[in-house]
Amino acid sequence: MKSYPEKLSRSQRKFLKELFPDSESGFLDGELFSCGVDASRKYAKPLALVKPHSVEQISELLVWAQKERMPVYPRARATNKVGGCVPVKNGIVISMLSMGSILEINSSDFVAVVQPGVITADLQRSVEKQGLFYPPDPASFKISTIGGNISTCAGGMRAVKYGVTRDYVLGLEAVIPGGEIIHTGGRTHKNVVGLDLTRLFVGSAGSLGLITKATLKLLPLPAASASVLIGFENLAGCLKGAEAVFDCGILPTAMELMDKNTLKALEMHSDVPWPVGTGGVLLLKIDGSHESVVADLKQIEKALLSASTTFLEKGSGDDQERLWELRRVISPAAFNLAPDKQGEDVAVPRGKVAQAIESYHKIGTQLGVVVLCFGHLGDGNIHVSVMYDKSVPGQSENALKAKRAIFSKTLALGGTLSGEHGIGLTKADYVGMQLGNAELNLMHGIKNVFDPLNIMNPGKAV
(Lines give C-alpha, C1' and ligand atoms only; values in the text may rest on other atoms or scores of the structure.)
Protein backbone atom coordinates (compact mmCIF):
# COMPACT_ATOMS: atom_id res chain seq x y z
CA MET A 1 0.00 0.00 0.00
CA LYS A 2 1.68 3.23 -1.15
CA SER A 3 1.44 6.31 1.06
CA TYR A 4 0.94 9.79 -0.38
CA PRO A 5 1.56 13.26 1.12
CA GLU A 6 -1.40 14.62 3.11
CA LYS A 7 -0.28 18.23 2.72
CA LEU A 8 2.33 20.26 0.87
CA SER A 9 5.58 21.11 2.60
CA ARG A 10 7.00 24.62 2.27
CA SER A 11 9.59 23.40 -0.22
CA GLN A 12 6.95 21.60 -2.30
CA ARG A 13 4.74 24.68 -2.47
CA LYS A 14 7.76 26.83 -3.35
CA PHE A 15 8.71 24.48 -6.19
CA LEU A 16 5.20 24.58 -7.66
CA LYS A 17 4.98 28.38 -7.42
CA GLU A 18 8.32 28.79 -9.18
CA LEU A 19 7.49 26.32 -11.94
CA PHE A 20 3.95 27.68 -12.32
CA PRO A 21 4.12 31.38 -11.41
CA ASP A 22 1.22 33.74 -10.73
CA SER A 23 -2.10 32.48 -12.15
CA GLU A 24 -0.54 29.23 -13.40
CA SER A 25 -0.95 27.70 -9.94
CA GLY A 26 -3.63 27.77 -7.26
CA PHE A 27 -3.78 26.84 -3.60
CA LEU A 28 -6.93 28.59 -2.31
CA ASP A 29 -9.99 26.60 -1.24
CA GLY A 30 -12.19 28.01 -4.00
CA GLU A 31 -9.74 27.03 -6.72
CA LEU A 32 -9.22 23.60 -5.22
CA PHE A 33 -12.94 22.98 -4.84
CA SER A 34 -13.62 23.75 -8.49
CA CYS A 35 -11.00 21.28 -9.73
CA GLY A 36 -11.91 18.49 -7.31
CA VAL A 37 -15.25 17.54 -8.86
CA ASP A 38 -16.37 16.18 -12.25
CA ALA A 39 -19.64 15.24 -13.95
CA SER A 40 -19.98 12.20 -11.67
CA ARG A 41 -20.62 14.70 -8.84
CA LYS A 42 -17.94 12.98 -6.77
CA TYR A 43 -15.48 15.27 -5.03
CA ALA A 44 -12.10 15.23 -3.33
CA LYS A 45 -9.94 18.20 -2.46
CA PRO A 46 -6.46 18.26 -4.06
CA LEU A 47 -3.39 19.87 -2.53
CA ALA A 48 -2.81 22.24 -5.46
CA LEU A 49 -3.84 23.15 -8.99
CA VAL A 50 -1.34 23.84 -11.78
CA LYS A 51 -1.94 25.05 -15.34
CA PRO A 52 1.00 24.18 -17.62
CA HIS A 53 1.51 25.83 -21.00
CA SER A 54 4.40 23.68 -22.28
CA VAL A 55 5.60 20.11 -22.41
CA GLU A 56 8.82 21.22 -20.72
CA GLN A 57 6.88 22.35 -17.65
CA ILE A 58 5.07 19.05 -17.50
CA SER A 59 8.30 17.10 -17.84
CA GLU A 60 9.86 19.02 -14.96
CA LEU A 61 6.71 18.54 -12.89
CA LEU A 62 6.74 14.76 -13.39
CA VAL A 63 10.44 14.55 -12.51
CA TRP A 64 9.56 16.25 -9.23
CA ALA A 65 6.35 14.25 -8.67
CA GLN A 66 8.20 10.95 -9.08
CA LYS A 67 10.85 12.06 -6.58
CA GLU A 68 8.26 13.31 -4.08
CA ARG A 69 5.84 10.43 -4.68
CA MET A 70 3.20 13.08 -5.32
CA PRO A 71 -0.02 11.98 -7.07
CA VAL A 72 -0.95 13.93 -10.20
CA TYR A 73 -4.37 14.12 -11.86
CA PRO A 74 -4.64 15.30 -15.49
CA ARG A 75 -7.83 17.26 -16.09
CA ALA A 76 -9.51 19.33 -18.77
CA ARG A 77 -13.27 20.07 -18.76
CA ALA A 78 -14.10 17.13 -16.44
CA THR A 79 -17.15 15.97 -18.41
CA ASN A 80 -16.59 12.29 -17.60
CA LYS A 81 -19.34 10.65 -15.57
CA VAL A 82 -17.38 8.04 -13.59
CA GLY A 83 -15.14 10.13 -11.33
CA GLY A 84 -12.19 9.58 -13.64
CA CYS A 85 -10.28 12.73 -12.66
CA VAL A 86 -11.35 13.20 -9.04
CA PRO A 87 -8.18 13.57 -6.87
CA VAL A 88 -9.05 10.90 -4.32
CA LYS A 89 -5.45 10.50 -3.02
CA ASN A 90 -4.75 14.22 -2.51
CA GLY A 91 -1.98 15.36 -4.87
CA ILE A 92 -1.82 17.88 -7.71
CA VAL A 93 -4.49 18.54 -10.33
CA ILE A 94 -2.99 19.41 -13.72
CA SER A 95 -5.38 21.46 -15.82
CA MET A 96 -4.57 21.11 -19.53
CA LEU A 97 -6.83 23.93 -20.70
CA SER A 98 -3.90 26.33 -21.29
CA MET A 99 -2.54 23.90 -23.88
CA GLY A 100 -5.47 24.37 -26.25
CA SER A 101 -4.02 25.15 -29.68
CA ILE A 102 -4.66 23.53 -33.04
CA LEU A 103 -1.09 23.30 -34.29
CA GLU A 104 -1.71 22.04 -37.84
CA ILE A 105 -4.44 20.97 -40.22
CA ASN A 106 -2.98 19.23 -43.26
CA SER A 107 -5.33 18.41 -46.13
CA SER A 108 -2.63 16.50 -48.02
CA ASP A 109 -1.84 14.09 -45.19
CA PHE A 110 -5.43 14.17 -43.84
CA VAL A 111 -4.21 14.87 -40.30
CA ALA A 112 -4.62 17.46 -37.59
CA VAL A 113 -2.03 18.05 -34.86
CA VAL A 114 -3.52 19.44 -31.66
CA GLN A 115 -2.78 20.09 -28.03
CA PRO A 116 -4.95 18.25 -25.49
CA GLY A 117 -6.98 21.28 -24.36
CA VAL A 118 -8.62 21.83 -27.76
CA ILE A 119 -12.42 21.68 -27.57
CA THR A 120 -13.74 18.89 -29.80
CA ALA A 121 -16.35 21.10 -31.50
CA ASP A 122 -13.71 23.76 -32.24
CA LEU A 123 -11.56 21.18 -34.01
CA GLN A 124 -14.54 19.90 -35.98
CA ARG A 125 -15.45 23.40 -37.17
CA SER A 126 -11.86 24.21 -38.07
CA VAL A 127 -11.29 21.13 -40.20
CA GLU A 128 -14.70 21.46 -41.89
CA LYS A 129 -13.67 24.88 -43.20
CA GLN A 130 -11.03 23.02 -45.21
CA GLY A 131 -13.44 20.33 -46.47
CA LEU A 132 -12.25 17.80 -43.87
CA PHE A 133 -14.06 15.78 -41.21
CA TYR A 134 -13.22 14.65 -37.67
CA PRO A 135 -16.00 12.14 -36.91
CA PRO A 136 -15.87 11.38 -33.14
CA ASP A 137 -18.79 13.20 -31.48
CA PRO A 138 -19.31 12.47 -27.79
CA ALA A 139 -22.47 14.04 -26.40
CA SER A 140 -20.28 16.62 -24.65
CA PHE A 141 -18.45 17.59 -27.88
CA LYS A 142 -19.31 21.28 -27.43
CA ILE A 143 -17.37 21.45 -24.16
CA SER A 144 -15.16 18.34 -23.87
CA THR A 145 -11.55 18.35 -25.05
CA ILE A 146 -9.52 16.17 -27.37
CA GLY A 147 -7.23 15.17 -24.50
CA GLY A 148 -10.19 14.04 -22.42
CA ASN A 149 -11.71 12.24 -25.41
CA ILE A 150 -8.45 10.35 -25.96
CA SER A 151 -8.00 9.53 -22.29
CA THR A 152 -11.48 7.99 -22.14
CA CYS A 153 -11.65 6.69 -25.74
CA ALA A 154 -14.84 8.70 -26.15
CA GLY A 155 -17.51 7.27 -28.41
CA GLY A 156 -20.51 9.20 -29.60
CA MET A 157 -23.52 8.95 -31.85
CA ARG A 158 -21.56 8.60 -35.11
CA ALA A 159 -19.69 5.53 -33.84
CA VAL A 160 -21.95 3.08 -35.65
CA LYS A 161 -20.50 4.19 -39.01
CA TYR A 162 -17.23 5.93 -38.16
CA GLY A 163 -15.96 4.26 -34.99
CA VAL A 164 -14.68 5.84 -31.78
CA THR A 165 -11.79 8.11 -30.77
CA ARG A 166 -9.15 5.36 -30.87
CA ASP A 167 -9.80 4.92 -34.59
CA TYR A 168 -8.60 8.51 -35.24
CA VAL A 169 -5.51 8.77 -33.06
CA LEU A 170 -2.40 8.22 -35.21
CA GLY A 171 0.27 9.44 -32.84
CA LEU A 172 0.85 10.97 -29.42
CA GLU A 173 3.40 12.98 -27.51
CA ALA A 174 3.21 12.16 -23.80
CA VAL A 175 5.18 12.62 -20.60
CA ILE A 176 5.52 9.64 -18.28
CA PRO A 177 6.41 9.60 -14.57
CA GLY A 178 10.04 10.56 -14.15
CA GLY A 179 9.67 13.26 -16.80
CA GLU A 180 10.60 11.37 -19.96
CA ILE A 181 8.90 12.67 -23.11
CA ILE A 182 7.84 9.86 -25.45
CA HIS A 183 6.42 9.81 -28.96
CA THR A 184 4.13 7.03 -30.14
CA GLY A 185 2.86 6.36 -33.65
CA GLY A 186 3.16 9.20 -36.16
CA ARG A 187 1.19 10.78 -38.97
CA THR A 188 1.00 7.76 -41.29
CA HIS A 189 -2.31 5.95 -41.45
CA LYS A 190 -0.57 2.56 -41.20
CA ASN A 191 2.18 1.65 -38.73
CA VAL A 192 3.07 -1.83 -37.43
CA VAL A 193 6.51 -1.20 -35.95
CA GLY A 194 6.64 -2.54 -32.39
CA LEU A 195 3.81 -2.69 -29.89
CA ASP A 196 0.96 -0.22 -30.37
CA LEU A 197 1.70 2.21 -27.53
CA THR A 198 -0.68 4.77 -29.01
CA ARG A 199 -3.68 2.52 -28.53
CA LEU A 200 -2.45 1.61 -25.06
CA PHE A 201 -2.66 5.29 -24.07
CA VAL A 202 -6.09 5.77 -25.64
CA GLY A 203 -8.63 4.97 -22.94
CA SER A 204 -6.04 4.74 -20.14
CA ALA A 205 -7.68 7.65 -18.27
CA GLY A 206 -4.46 9.41 -17.36
CA SER A 207 -3.07 6.37 -15.58
CA LEU A 208 0.06 5.85 -17.73
CA GLY A 209 1.25 9.36 -18.55
CA LEU A 210 0.13 12.82 -19.54
CA ILE A 211 -0.76 13.44 -23.20
CA THR A 212 0.65 16.74 -24.48
CA LYS A 213 0.05 16.51 -28.25
CA ALA A 214 -2.00 14.33 -30.60
CA THR A 215 -1.89 13.64 -34.32
CA LEU A 216 -5.40 12.81 -35.50
CA LYS A 217 -6.71 11.18 -38.67
CA LEU A 218 -9.17 13.18 -40.75
CA LEU A 219 -11.60 12.16 -43.49
CA PRO A 220 -13.14 14.04 -46.44
CA LEU A 221 -16.20 16.00 -45.31
CA PRO A 222 -19.47 14.43 -46.54
CA ALA A 223 -21.30 16.77 -48.91
CA ALA A 224 -24.72 16.30 -47.34
CA SER A 225 -26.57 14.73 -44.43
CA ALA A 226 -30.13 14.20 -43.27
CA SER A 227 -31.88 12.92 -40.16
CA VAL A 228 -35.10 11.02 -39.53
CA LEU A 229 -37.04 10.79 -36.27
CA ILE A 230 -39.42 7.81 -36.24
CA GLY A 231 -41.94 6.85 -33.57
CA PHE A 232 -43.15 3.29 -32.89
CA GLU A 233 -45.90 1.74 -30.82
CA ASN A 234 -43.43 -0.12 -28.63
CA LEU A 235 -39.80 -1.18 -28.15
CA ALA A 236 -40.24 -4.21 -30.38
CA GLY A 237 -41.30 -1.90 -33.19
CA CYS A 238 -38.12 0.15 -32.75
CA LEU A 239 -35.96 -2.92 -33.11
CA LYS A 240 -37.95 -4.13 -36.10
CA GLY A 241 -37.52 -0.71 -37.72
CA ALA A 242 -33.77 -0.75 -37.11
CA GLU A 243 -33.47 -4.21 -38.66
CA ALA A 244 -35.44 -3.00 -41.68
CA VAL A 245 -32.97 -0.13 -42.21
CA PHE A 246 -29.93 -2.41 -41.99
CA ASP A 247 -31.61 -5.02 -44.22
CA CYS A 248 -31.95 -2.50 -47.04
CA GLY A 249 -28.17 -2.13 -47.12
CA ILE A 250 -27.81 1.27 -45.44
CA LEU A 251 -25.28 1.91 -42.68
CA PRO A 252 -26.52 5.02 -40.87
CA THR A 253 -24.07 7.59 -39.56
CA ALA A 254 -25.95 7.36 -36.26
CA MET A 255 -28.83 5.28 -34.94
CA GLU A 256 -30.21 6.30 -31.55
CA LEU A 257 -32.91 4.61 -29.49
CA MET A 258 -35.19 6.16 -26.86
CA ASP A 259 -37.43 3.92 -24.73
CA LYS A 260 -40.84 4.75 -23.25
CA ASN A 261 -39.40 6.14 -20.01
CA THR A 262 -37.03 8.38 -21.96
CA LEU A 263 -39.98 9.70 -23.97
CA LYS A 264 -41.89 10.39 -20.75
CA ALA A 265 -38.96 12.39 -19.36
CA LEU A 266 -38.63 14.40 -22.59
CA GLU A 267 -42.37 15.10 -22.69
CA MET A 268 -42.04 16.68 -19.23
CA HIS A 269 -39.01 18.72 -20.36
CA SER A 270 -39.66 19.97 -23.91
CA ASP A 271 -42.14 20.27 -26.72
CA VAL A 272 -41.97 16.93 -28.54
CA PRO A 273 -43.16 15.98 -32.02
CA TRP A 274 -44.42 12.44 -31.37
CA PRO A 275 -48.09 11.68 -30.63
CA VAL A 276 -49.44 10.38 -27.32
CA GLY A 277 -49.05 6.61 -27.04
CA THR A 278 -45.68 6.39 -28.79
CA GLY A 279 -43.70 3.66 -27.02
CA GLY A 280 -40.26 4.13 -28.53
CA VAL A 281 -38.36 6.36 -30.94
CA LEU A 282 -35.49 5.91 -33.37
CA LEU A 283 -33.36 8.83 -34.49
CA LEU A 284 -31.26 8.16 -37.60
CA LYS A 285 -28.69 10.18 -39.47
CA ILE A 286 -27.20 9.45 -42.89
CA ASP A 287 -24.51 11.25 -44.85
CA GLY A 288 -22.77 11.14 -48.22
CA SER A 289 -23.26 12.86 -51.55
CA HIS A 290 -26.43 14.87 -52.14
CA GLU A 291 -27.70 12.18 -54.51
CA SER A 292 -26.97 9.28 -52.15
CA VAL A 293 -28.63 10.99 -49.18
CA VAL A 294 -31.84 11.57 -51.17
CA ALA A 295 -31.80 7.96 -52.37
CA ASP A 296 -31.10 6.56 -48.89
CA LEU A 297 -33.93 8.59 -47.37
CA LYS A 298 -36.37 7.09 -49.88
CA GLN A 299 -35.10 3.60 -49.10
CA ILE A 300 -35.43 4.14 -45.36
CA GLU A 301 -39.01 5.38 -45.67
CA LYS A 302 -39.87 2.39 -47.85
CA ALA A 303 -38.22 -0.04 -45.45
CA LEU A 304 -40.16 1.37 -42.50
CA LEU A 305 -43.51 0.62 -44.14
CA SER A 306 -43.17 -2.87 -42.66
CA ALA A 307 -42.89 -1.51 -39.09
CA SER A 308 -45.64 -0.11 -36.87
CA THR A 309 -44.68 3.57 -36.95
CA THR A 310 -46.66 6.32 -35.21
CA PHE A 311 -44.97 9.24 -36.98
CA LEU A 312 -41.95 10.16 -39.12
CA GLU A 313 -40.21 13.53 -39.30
CA LYS A 314 -37.21 14.46 -41.46
CA GLY A 315 -34.63 17.20 -41.36
CA SER A 316 -31.60 18.16 -43.43
CA GLY A 317 -28.80 20.70 -43.18
CA ASP A 318 -29.10 22.98 -40.15
CA ASP A 319 -32.73 21.92 -39.74
CA GLN A 320 -31.54 18.57 -38.31
CA GLU A 321 -30.34 20.11 -35.09
CA ARG A 322 -33.86 20.50 -33.70
CA LEU A 323 -34.20 16.70 -33.89
CA TRP A 324 -30.82 15.99 -32.30
CA GLU A 325 -31.38 18.48 -29.51
CA LEU A 326 -34.02 16.09 -28.17
CA ARG A 327 -31.33 13.43 -27.87
CA ARG A 328 -28.85 15.77 -26.22
CA VAL A 329 -31.21 16.90 -23.44
CA ILE A 330 -32.11 13.40 -22.25
CA SER A 331 -29.68 13.46 -19.31
CA PRO A 332 -31.09 16.63 -17.71
CA ALA A 333 -34.66 15.66 -18.67
CA ALA A 334 -34.30 12.36 -16.78
CA PHE A 335 -34.49 14.22 -13.48
CA ASN A 336 -38.15 14.93 -14.21
CA LEU A 337 -38.78 11.30 -13.28
CA ALA A 338 -36.87 11.31 -9.99
CA PRO A 339 -34.35 13.57 -8.22
CA ASP A 340 -31.47 11.07 -8.09
CA LYS A 341 -29.73 8.93 -10.69
CA GLN A 342 -27.35 6.03 -11.11
CA GLY A 343 -26.24 6.55 -14.72
CA GLU A 344 -24.49 3.68 -16.47
CA ASP A 345 -23.40 2.88 -20.03
CA VAL A 346 -23.34 -0.79 -20.85
CA ALA A 347 -22.94 -2.47 -24.22
CA VAL A 348 -24.39 -5.74 -25.49
CA PRO A 349 -24.23 -7.55 -28.83
CA ARG A 350 -26.51 -5.70 -31.20
CA GLY A 351 -28.90 -8.62 -31.51
CA LYS A 352 -29.45 -8.66 -27.73
CA VAL A 353 -30.48 -5.02 -27.28
CA ALA A 354 -34.24 -5.67 -27.00
CA GLN A 355 -33.72 -8.52 -24.54
CA ALA A 356 -31.37 -6.38 -22.48
CA ILE A 357 -33.67 -3.35 -22.25
CA GLU A 358 -36.71 -5.47 -21.41
CA SER A 359 -34.76 -7.14 -18.60
CA TYR A 360 -33.54 -3.77 -17.28
CA HIS A 361 -37.13 -2.50 -17.14
CA LYS A 362 -38.14 -5.64 -15.26
CA ILE A 363 -35.34 -5.11 -12.73
CA GLY A 364 -36.55 -1.57 -12.11
CA THR A 365 -40.15 -2.70 -11.61
CA GLN A 366 -39.09 -5.40 -9.14
CA LEU A 367 -37.04 -2.96 -7.08
CA GLY A 368 -39.42 0.00 -7.23
CA VAL A 369 -37.16 2.33 -9.24
CA VAL A 370 -37.51 3.76 -12.75
CA VAL A 371 -35.06 2.44 -15.36
CA LEU A 372 -34.66 4.68 -18.38
CA CYS A 373 -32.81 3.38 -21.47
CA PHE A 374 -31.50 5.27 -24.48
CA GLY A 375 -28.38 5.33 -26.60
CA HIS A 376 -26.48 4.01 -29.52
CA LEU A 377 -28.63 1.21 -30.93
CA GLY A 378 -26.37 0.85 -33.95
CA ASP A 379 -23.50 -0.53 -31.86
CA GLY A 380 -25.37 -1.92 -28.85
CA ASN A 381 -24.17 0.78 -26.41
CA ILE A 382 -27.09 1.46 -24.04
CA HIS A 383 -27.20 4.27 -21.50
CA VAL A 384 -29.14 2.97 -18.53
CA SER A 385 -30.28 5.47 -15.91
CA VAL A 386 -31.70 4.16 -12.64
CA MET A 387 -33.89 7.00 -11.35
CA TYR A 388 -34.77 7.08 -7.65
CA ASP A 389 -35.38 9.33 -4.66
CA LYS A 390 -32.80 8.94 -1.91
CA SER A 391 -35.13 10.71 0.55
CA VAL A 392 -37.45 7.70 0.36
CA PRO A 393 -36.29 4.93 2.73
CA GLY A 394 -34.77 1.99 0.89
CA GLN A 395 -34.57 3.60 -2.55
CA SER A 396 -30.82 4.27 -2.44
CA GLU A 397 -30.17 0.64 -1.57
CA ASN A 398 -32.55 -0.57 -4.26
CA ALA A 399 -30.88 1.66 -6.86
CA LEU A 400 -27.53 0.00 -6.09
CA LYS A 401 -29.17 -3.42 -6.23
CA ALA A 402 -30.61 -2.49 -9.62
CA LYS A 403 -27.17 -1.36 -10.82
CA ARG A 404 -25.58 -4.69 -9.89
CA ALA A 405 -28.47 -6.66 -11.39
CA ILE A 406 -28.21 -4.68 -14.63
CA PHE A 407 -24.47 -5.40 -14.79
CA SER A 408 -25.07 -9.11 -14.14
CA LYS A 409 -27.68 -9.35 -16.90
CA THR A 410 -25.45 -7.41 -19.29
CA LEU A 411 -22.55 -9.82 -18.77
CA ALA A 412 -24.87 -12.83 -19.09
CA LEU A 413 -25.85 -11.53 -22.53
CA GLY A 414 -22.19 -11.32 -23.61
CA GLY A 415 -21.90 -7.59 -22.95
CA THR A 416 -19.56 -5.24 -21.12
CA LEU A 417 -19.87 -2.96 -18.08
CA SER A 418 -18.95 0.13 -20.10
CA GLY A 419 -19.11 0.99 -23.76
CA GLU A 420 -17.60 4.48 -23.57
CA HIS A 421 -17.64 6.07 -20.10
CA GLY A 422 -14.97 3.84 -18.58
CA ILE A 423 -14.64 2.58 -15.00
CA GLY A 424 -13.14 5.36 -12.85
CA LEU A 425 -14.53 5.43 -9.31
CA THR A 426 -18.20 4.63 -9.85
CA LYS A 427 -17.64 1.17 -11.37
CA ALA A 428 -14.40 0.20 -9.64
CA ASP A 429 -16.13 -2.26 -7.30
CA TYR A 430 -17.67 -4.13 -10.23
CA VAL A 431 -14.63 -4.73 -12.47
CA GLY A 432 -14.14 -8.23 -11.09
CA MET A 433 -17.55 -9.19 -12.48
CA GLN A 434 -16.09 -8.93 -15.99
CA LEU A 435 -12.32 -9.34 -15.72
CA GLY A 436 -10.52 -12.30 -14.17
CA ASN A 437 -7.37 -12.26 -12.05
CA ALA A 438 -5.12 -13.10 -15.00
CA GLU A 439 -6.36 -10.14 -17.04
CA LEU A 440 -6.24 -7.77 -14.07
CA ASN A 441 -2.69 -8.85 -13.20
CA LEU A 442 -1.56 -8.16 -16.77
CA MET A 443 -3.10 -4.68 -16.64
CA HIS A 444 -1.48 -3.94 -13.28
CA GLY A 445 1.85 -5.11 -14.69
CA ILE A 446 1.58 -2.73 -17.65
CA LYS A 447 0.64 0.13 -15.31
CA ASN A 448 3.68 -0.67 -13.17
CA VAL A 449 6.05 -0.40 -16.15
CA PHE A 450 4.91 3.14 -16.92
CA ASP A 451 4.19 4.27 -13.38
CA PRO A 452 5.99 2.14 -10.75
CA LEU A 453 5.13 4.48 -7.87
CA ASN A 454 1.46 4.79 -8.91
CA ILE A 455 1.39 8.58 -9.01
CA MET A 456 -0.62 8.92 -12.24
CA ASN A 457 -4.31 9.31 -11.35
CA PRO A 458 -4.18 6.80 -8.48
CA GLY A 459 -7.27 5.31 -6.88
CA LYS A 460 -9.02 4.56 -10.17
CA ALA A 461 -9.81 1.45 -12.16
CA VAL A 462 -9.32 2.06 -15.90
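Two strands, β17 (370-376) and β18 (381-388), each supply at least two residues of the lining of the largest cavity. Strands here are DSSP runs of E with at least two residues, helices are runs of H or I with at least four, and both are numbered from the N terminus. The model is predicted, so to speak, throughout: local features need pLDDT of at least 70, side-chain atom pairs count only at pLDDT 80 or more, and totals for chains, interfaces and linings use all residues. Residues are numbered from 1 along each chain as its sequence is written, and side-chain values use heavy atoms, leaving out hydrogens and water.

**The cavity**

A cavity is a set of points on a 1 Å grid over the protein atoms alone where a 1.4 Å probe fits but cannot get out, and its lining residues have an atom within 4 Å of a point. A search of the whole structure turns up 1 cavity of 30 Å³ or more. The largest cavity holds about 40 Å³ of space, a volume being the space filled by probe spheres set on the points. β17 gives the largest share of the lining, 3 residues. Among the lining residues are L257, V353, F374 and H376.

**Salt bridges**

Now to the charged side chains. The structure holds 16 salt bridges, each a side-chain nitrogen of Lys or Arg within 4 Å of a carboxyl oxygen of Asp or Glu. Here are three of them:

| Pair | N to O distance |
|---|---|
| R125 and D122 | 2.4 Å |
| E313 and R322 | 2.4 Å |
| E344 and K427 | 3.6 Å |

Through shared partners, salt bridges join E344, D345, K403 and K427 into one network.

R125 and D122 sit 3 residues apart in helix α4 (residues 120-128), so about one helical turn separates them. R125 is partly exposed at 48%, and D122 is partly exposed at 32%.

**A lysine without a salt bridge**

Which side chain of opposite charge is nearest to the buried K460? That is D38, 6.8 Å away, and K460 has no salt bridge; Lys and Arg count as positive, Asp and Glu as negative, while His and the chain ends are not counted. K460 lies in the segment after α15 (437-450). Its side chain has a polar atom 3.2 Å from the backbone oxygen of G84.

Definitions and conventions:
Buried means under 20% relative accessible area, exposed over 50%, partly exposed in between (1.4 Å probe, protein chains only). A polar contact is a pair of N or O atoms within 3.5 Å; within protein, one must be able to donate a hydrogen and the other to accept it, and residues adjacent in sequence count only if both atoms are side-chain atoms. On a 1 Å grid over the protein atoms alone, a cavity is a set of points where a 1.4 Å probe fits but cannot get out, and a pocket is an open set with protein on both sides within 12 Å along at least five of seven lines; lining residues have an atom within 4 Å of a point.
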